[in-house]
Amino acid sequence: MEQGQRWLTGGEIDGFLFDIYGVLYEMRGNEDVLIEGSVDAIRKLREAGVTFRFCTNTSTRSAEDMAVRLQGLGFDARPEELFTPIPLVLRYLKENNLRPFLIVDSGVRRVFDEFSKSDPNCVILGDAQNQYSYANLNHAFQILMKNQVSKLVTLGSGSYYKEVDGLKLDCGTFSAALEFASGIKAKVIGKPDQDFFLVPLEDMKIKPDKAIMVGDDIILDIQGGQSCGIRSVLVRTGKYRPQDETHPSIKPDGCVDNLLSLVNLFLKHKT
């Protein structure tokens with residue numbers, strides 16, 4: 001079987017993990033743009049009774065808000081099936097008694113209201129396109145340098161993402177700059193951290209070798225999924241680039257044109 005369908009022959013498939021941005025939809029400015037066939041793909045899996053979860057580094061919305069957004073685009077999406085970094089970072093802050101300085105989207109700042117912001121001892125970096133000013137990054141740097149036990153936390157470690165009008169720097173780029181300047185290694189909450197893949201698998205009660213990860217990022221989605229023993233398929237949508245298929249060290253378990261192509265192949269193979 002050709003490489004693009006090799007993932008089908010690796011054993012039983014009990015469920016899927018799907019990235020959202022770049023797999024289900026993209027953005028043009030503030031407008032959501034559906035990726036062709038993605039709504040039908042999710043509908044077909046529902047009708048076939050196939051288990052899946054959405055696993056995204058997007059930190060601009062809670063799972064509830066993200067579900068509403070996806071429903072507005074026509075997807076049958078449910079909050080309990082959405083896994084984002086937000087609940088995990090809130091738990092991390094509580095467990096470590098941290099007072100955060102936030103560089104996050106204004107839409108999620110309210111979920112951090114329970115934490116004191118005075119004399120911060122950690123820096124949280126998330127999706128915050130308009131918040132990465134010199135003033136904010138330098139203040140974050142000063143917090144980290146003031147106390148070398150301060151924590152640097154990044155909600156995912158992507159270097160860039162793609163909107164319809166071009167590529168955009170992601171929070172991992174700014175995290176790397178602060179790591180370099182402060183000498184403090186960031187804690188990653190989100191992909192490619194292994195726990196971020198394993199938690200939704202535990203929720204589905206599926207073992208890694210019986211799951212498929214589907215994404216558009218060769219490092220976060222494909223390498224991240226494979227590091228957990230999950231077969232990982234690259235879609236040729238979103239931030240995908242042709243050279244991803246011949247990456248020198250990361251070999252996808254399959255490449256498909258889009259999510260609908262993957263679902264059609266799976267359902268045909270299943271029967």
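# Close-up views of a predicted model

By class, 13 charged, twelve nonpolar and twelve polar residues make up the lining of the largest pocket. The legends below start with this pocket. The model is predicted.

**Figure 1. The largest pocket has a volume of about 820 Å³.** The lining counts 37 residues. Closest to the pocket centre are Met27, Thr60, Asp127, Tyr161 and Glu163. Which element gives the most? Strand 9 does, with four residues. Rolling a probe the size of a water molecule over the atoms shows where empty space is left.

**Figure 2. Lys162 sits in strand 9.** Lys162 is partly exposed, because its relative accessibility is 26%. Ile35 is 127 residues away from Lys162 in sequence. In space, the two are 13 Å apart, C-alpha to C-alpha.

**Figure 3. Arg69 and Asp32 join their side chains in a salt bridge.** Side chains of opposite charge can pair when their charged atoms come close. Here the N to O distance is 2.5 Å. The bridge links distant parts of the chain, 37 residues apart. Arg69 belongs to helix 2 (residues 63-72), and Asp32 to strand 3 (residues 31-34). Is Arg69 buried or exposed? Arg69 counts as buried, because its relative accessibility is 12% and the cut-off for buried is under 20%. Asp32 is partly exposed, with a relative accessible area of 22%. In total, the structure holds 19 salt bridges.

**Figure 4. A salt bridge connects Arg110 with Asp65.** The closest N and O atoms are 2.9 Å apart. At 31% relative accessibility, Asp65 is partly exposed.

**Figure 5. Arg99 and Asp119 form a salt bridge between two loops.** The N to O distance is 3.8 Å. Arg99 is in the loop between helix 3 (85-95) and strand 6. Asp119 is in the loop between strand 6 and strand 7. The two residues are 20 residues apart, and the pair links distant parts of the chain. Both partners have some accessible area: Arg99 is partly exposed at 27%, and Asp119 is partly exposed at 46%. Elsewhere, salt bridges that share partners join Arg46, Asp76, Arg78 and Glu81 into one network.

**Figure 6. Phe16 and Phe266 form an edge-to-face aromatic pair.** A search of the whole structure finds eight aromatic pairs. In this one, the ring centres are 5.0 Å apart and the planes make an angle of 85°. Phe16 lies in strand 1 (residues 15-18) and Phe266 in helix 8 (residues 259-270), so the pair ties together parts 250 residues apart in sequence. Both residues are buried.

**Figure 7. Phe18 and Phe54 form a tilted aromatic pair.** The distance is 6.3 Å centre to centre, with 45° between the planes. Phe18 is in strand 1 and Phe54 in strand 4 (residues 51-55), 36 residues apart. Phe18 is buried, with a relative accessible area of 0%. Phe54 is buried too, at 0% relative accessibility. Which residues do ring pairs link into a cluster? They are Phe16, Phe18, Phe52, Phe54 and Phe266.

**Figure 8. Lys239 lies over the face of Tyr160.** The distance from the ring centre is 4.1 Å.

**Figure 9. Lys191 and Pro192 are joined by a cis peptide bond.** Omega is about 10°. Pro192 is in the loop between strand 11 (187-188) and helix 6 (194-204). Most residues other than glycine have a negative phi, and most peptide bonds are trans.

**Figure 10. Asp119 has a positive phi, although it is not a glycine.** The angle is about 45°. Asp119 also takes part in the salt bridge with Arg99.

**Figure 11. Lys205 has a positive phi as well, and is not a glycine.** Its phi is about 60°. Where is Lys205 placed? Lys205 is in the loop between helix 6 and strand 12 (211-215). Lys205 counts as exposed, because its relative accessibility is 76% and the cut-off for exposed is over 50%.

Conventions:
Residues numbered from 1 in each chain as written. Predicted model: local features only at pLDDT ≥ 70, side-chain atom pairs only at ≥ 80, totals over all residues. Heavy atoms only, no water. 1 Å grid on protein atoms, 1.4 Å probe; cavity = no way out; pocket = protein on both sides within 12 Å on 5 of 7 lines; lining within 4 Å. Points joined across faces, edges and corners; volume = space filled by probe spheres on them. Nonpolar A, V, L, I, M, F, W, Y, C, P; charged D, E, K, R; others polar. Salt bridge = Lys/Arg side-chain N within 4 Å of Asp/Glu carboxyl O. Buried < 20%, exposed > 50% of the residue type's maximum accessible area, 1.4 Å probe, protein only. Phe/Tyr/Trp six-rings, centres within 6.5 Å; stacked < 30°, edge-to-face > 60°. Lys NZ or Arg CZ within 6 Å of the ring centre and 35° of its normal.
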